[in-house]
Amino acid sequence: MKKLLSILLTLAMLASLTVPAFADEPDYTTGTPWLCIDLDGVVTADTPADLKDNYALAVNKDKILALEIPEGRAFGGTTASVALKQAEDIKNMFLGDAPEEHDARLAYDLFQLMMDWDSRNALGVAPLKEQIAPVEAIDSVEKLSAYFVETRDEDELAALYYAGSDQDQLDSNRYVLAVSDAGLLLGDAAEYEKLTDYGAIKKDAITELARKMLVKLGYTEDEAQRKIDNCFAFETMLAPALFTDEEKKKPDYLEKILNFYSYDEMKAAEGPLPILEDLAATGFPETDRYQIANPDGLKKLIELYTDENLPLIKDYLIVHGTLGAAGSLDRECYEWNYAASNAISGASGMLDDETVFSGSVASVLAWPVAQLYTQTYLRQEDKDRIMDMMKEILDVYHGIIEEADFLSDATREKAIEKLDAIKPRSLYPDSWEKYNCDGLDFDGPEKGGTLWEAYRHISAYMIAKSIKEFPEPVDKEKWPMPPTIVNCFYDWTTNTITILGAFAQGGIYSSDMSDEEVLAKLGCVIGHEISHGFDSTGAQFDKNGNMADWWTEEDYAEFLARNQKMVDYYNAMHPWEGQDFYGSIMTGEACADMAGMKAILRLAAERENFDYDAFFRAFADIWLEKGTLQSAYMSINNVHPMSYLRINCTLQQFDEFLDCYGITEGDNMYLAPEDRVNIW
């Protein structure tokens, strides 16, 4: 719950510098078994392209050569073009007259406050100085604890831990008070043991931004560097007890974080940290159930929470708070923040303020913007058509489960029950009553309001709303994401699949697409999301959205063995020589890609004169992507396989694809039946 103002970091919207060269720069054309075509500069006019050797390259080569990474972005391609459309659509909503309706006016006023550079420049870093001053004055951990308890969350500089309301994974109808680790500057705890090339890029960018900001706040160059060094020193001591990014992305992570405590046990576990007192001061009631996501991390924090380490702890808070606020201050800080984000993402140039700030409003005041977006751009006829498609694909998925030869009758029955309980959601909610911002108010620029104060009000409102909802049952009918997000998802705790309105646009979906194109693009995505209910994570949740064991012991052992085969399959691939993939984090998304394709191919078999070539080419188009080296590093560490793998790895599992192009043993796209890893 701490430091909701950290959402301001989304203001950067990330643009960037040129791709750095490393001392021993790899040859990026050495990928196996396929060239990594997602990386800018790898594909040239002379690159050989044969669909039997590398289907993704062969069908997308001309598009890759013509594709330019958009200004201010880290990658381009089909999904990126949909994101560009979303950004332009949202921006256009803010360029007219001020609306009269309360929630819409809040969004409009927040946008105007972001655009009000005169006010922001006049304030400069003064609001941040006011937050730093009480931290600098702390001279003991006892007073530090008092600071955490006595300071309102919206005024707190940064956090050493996060404590607040979260959905209970074992009983998804209720909330639980949960404690989790605070953040690290480099994100991944593994970077503190061995700094990677990409980690070095991030560290340099973060250090430069922090140095500039701290000097502007009045510290000397030496003082600024000492604070940055102290922050990294504290994180280095803490990091060995924290989960790495790879560990967080593995299917067993959810089980590891389900550590529940009674009030008395929580009291004993918190040690000198004022967690319970802090929760009470925030407004949460005492309860009989608490969750500690990482007990080892909490123990390490307690060990470090001493007067001896106080200078490191204070500088950790100051550096984190300073970085979190940089994008919401004056123009100079904003541009420094943008430049740091540039170096991390690998994009180039800056997006215009209107695009950045309209997108930021859509993140901070998501539902007021979502309602306006829906009214302006989304259509009932598309909502109905996509809902019908979702129901059709859910129905065809029965055959996949019924024919899964590794399931016993008992497990199969539970799987069918879960499938039948999945609720589809298309484009936007049917009603907006659950999503209003009643009780939230702040002054716009015409009344002398400031962006900093608006964020304080929004943060306080969100906290109060969380406190109010905590004793109540979880509202599973409420959408967790607004339709303005370019995404689709399966929610384990509600057993729902959702196709968001901003995703079903442009090159992904339009009403005039052919049947083959709609099925290849949006259809496969729908099948993908259904499949998440039965992937390595979804398989841990029952039809009611609770983490529960519904498998027989033998069936689950076979399921895990199939997942391990998929892990080994991806571990044998390399985007370039010397760079590994992490198959252990990809099983959920890869399983969903393959099972989704299997479902759509079952539908295709029912279509008369179905054009498989057009279908497979359209599938390759949706994952067309070209990005910077930094974006490639991020993709390598993502739970989703890189885009070219989502094409080739998915398609080579299926005879329909191999037969369509006459691909046989000896061709690079061929995969023998016994080597295929499609779990379902």
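## Helix 16, a covered helix

Asp353, Thr355, Val356, Phe357, Ser358, Gly359, Ser360, Val361, Ala362 and Val364 are the buried residues of helix 16, where buried means under 20% relative accessible area with a 1.4 Å probe and protein chains only. That makes ten of its twelve residues, leaving the helix mostly covered. Helices here are DSSP runs of H or I with at least four residues, strands are runs of E with at least two, and both are numbered from the N terminus.

This is a predicted model, so to speak plainly about what counts: local features need pLDDT of at least 70, side-chain atom pairs need pLDDT 80 or more, and totals for chains, interfaces and linings use all residues. Residues are numbered from 1 along each chain as its sequence is written, and side-chain values use heavy atoms, with hydrogens and water left out.

Helix 16 runs over residues 353-364 and reaches 16 Å from first C-alpha to last, close to the expected 16 Å (1.5 Å times one less than the number of residues). Its buried residues pack against helix 2 (78-93), helix 3 (102-115), helix 4, helix 15 (331-345), helix 17 (366-377) and helix 20, with contact meaning heavy atoms within 4.5 Å.

## Closed cavities

There are four cavities of 30 Å³ or more. On a 1 Å grid over the protein atoms alone, a cavity is a set of points where a 1.4 Å probe fits but cannot get out, and lining residues have an atom within 4 Å of a point. Points join across faces, edges and corners, and a volume is the space filled by probe spheres set on them.

The largest cavity holds about 90 Å³. Of its 13 lining residues, Ser180, Asp181, Gly297, Leu298 and Leu301 lie nearest the centre. Strand 3 (175-181) and helix 13 (295-304) each supply at least two. By class, the lining has nine nonpolar, three polar and one charged (Ala, Val, Leu, Ile, Met, Phe, Trp, Tyr, Cys and Pro are nonpolar, Asp, Glu, Lys and Arg charged, the others, Gly among them, polar).

The second largest cavity has about 60 Å³, and its lining includes Arg120, Pro127, Ser328 and Trp452. Helix 4 (117-123) and helix 20 (451-469) each give at least two residues to that lining.

Helix 22 (553-571) and helix 23 (583-604) each give two or more, and helix 22 gives the most, with six. The classes come to eight nonpolar, seven polar and five charged.

Terms used. On a 1 Å grid over the protein atoms alone, a cavity is a set of points where a 1.4 Å probe fits but cannot get out, and a pocket is an open set with protein on both sides within 12 Å along at least five of seven lines; lining residues have an atom within 4 Å of a point. Buried means under 20% relative accessible area, exposed over 50%, partly exposed in between (1.4 Å probe, protein chains only).
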